[in-house]
Amino acid sequence: MNNEQVKQQVLSAFEFRRAIKSYDPDKKIEQSDLEYILEAGRLSPSSVGLEPWRFIVLENEEVKNALHDISWGAKKQFETASHFVLLVARKNAKYDSPIFRELAERWGLPSEQVEKTLDLYKDFQVEHMDIADSEKALFDWTSKQTYIALGNMMTAAALIGVDSCPIEGFHYGKVNEILTEAGVIHDDEGISVMMSLGYRDHDPKRPQLRKDKDEVISYFK
Ligand SMILES: Cc1cc2nc3c(=O)[nH]c(=O)nc-3n(C[C@H](O)[C@H](O)[C@H](O)COP(=O)(O)O)c2cc1C
C-alpha cells in the first residue's frame, strides 16, 4: 500500500468510527481482534512514559449489572456491547511515589541517574504543572493519559470494522466504590473512562458533524 492509500484507509476509519450506542447483541468480537485493540492501547504514549493505567476487560456479569444502574451514558451499551473496557488511572502519581521508582526500574537507570530523573519530575510536577499538592490534579493528569490510549484503541478498532463508544456518562464516585469493593481495581486506582466495543445494530441517524477545518486548524506565521 502506498502512502496515499494508507491515508485514505485511516481517514475512512475515522469516518466509519461513530459513538455507537446500541450494538448487535449476537455479534461478538474475536479474541484476536480484541487483543489487537488492547495492544493499540498498551503501545500508546504517556507523559514521561509513566503508563499510569490499566485496561480491564469487564466480563463479570454482577459488576456489569451494578455499573449499568449508575451509568446513564451507557445503558443500552451495557445491554448489547460485545465487550466493555474500563480504563483506570493511577491515583496520587506524585514524583516521590512508587510509580516513578517503578518507571526508573523499567528503564534500568543506574541509581545516580534515578535521583536526577526524579528531581526533574519533581520540578515538572511542582513548578511547571503545579499538580503535586492536589490529589485531584494528579488524578486528572494520569487520567488524561488514558484518553490517548482510548483514542488509539477506538481508531485501531475502526480500522478493522469494530465499533466503539467512549463513555464518561456515569457517577465516578459510585463506580469507584463498586470496582474497589469487587476487587476490580486497587486502592491506588480510579476509573478514568470506559469504552464499549461491538458491532453496530444500525447506523447513527445523525451524520458525523464536525466544525469546519478553518475554524479548527490554523497556521500562525
Ligand atoms: C470522552 C468522551 C466521553 C463520552 N461519553 C459518552 C457517553 O457516556 N455516552 C455516550 O453515548 N456517548 C459518549 N460520548 C460520545 C460523544 O457524544 C460523541 O463522540 C460525539 O457526540 C461525536 O459523535 P461521533 O463520535 O459519532 O462522531 C463520549 C465521547 C467522548 C470523546
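Which atom of the ligand lies 3.0 Å from a backbone N or O atom of Glu 168? Select Glu 168 and the ligand: the atom in question is a nitrogen atom of the ligand. The model is predicted, with local features requiring pLDDT of at least 70 and side-chain atom pairs pLDDT 80 or more, while totals for chains, interfaces and linings use all residues. Residues are numbered from 1 along each chain as its sequence is written, and side-chain values use heavy atoms, without hydrogens or water.

**The ligand**

Next, select Arg 17, where a side-chain N or O atom is 2.9 Å from an oxygen atom of the ligand. At Arg 18, a polar side-chain atom lies 2.8 Å from a ligand oxygen atom. These are polar contacts, that is, pairs of N or O atoms within 3.5 Å. Then display the 15 residues around the ligand, each with a heavy atom within 4 Å of it; those that come nearest are Arg 18, Ala 19, Lys 21, Gly 73 and Gly 169.

**Helices 1 and 7**

Colour the protein chain by element to show nine helices and four strands, which are DSSP runs (H or I, at least four residues, for helices; E, at least two, for strands) numbered from the N terminus. Select helix 1 (residues 3-16) and helix 7 (residues 135-159), whose axes come within 8 Å and cross at roughly 105 degrees. Helix 1 is therefore roughly perpendicular to helix 7, a term for angles of 65 to 115 degrees. In helix 1 the contact (heavy atoms within 4.5 Å) involves Gln 9, Val 10, Ala 13, Phe 14 and Phe 16; in helix 7, Thr 155, Ala 158 and Leu 159.

Definitions and conventions:
Axes fitted to C-alpha atoms, helices over the stretch in contact; angles between N-to-C directions. Parallel < 35°, antiparallel > 145°, perpendicular 65-115°, else oblique. Polar contact = N/O pair within 3.5 Å; in protein donor to acceptor, adjacent residues only side chain to side chain.
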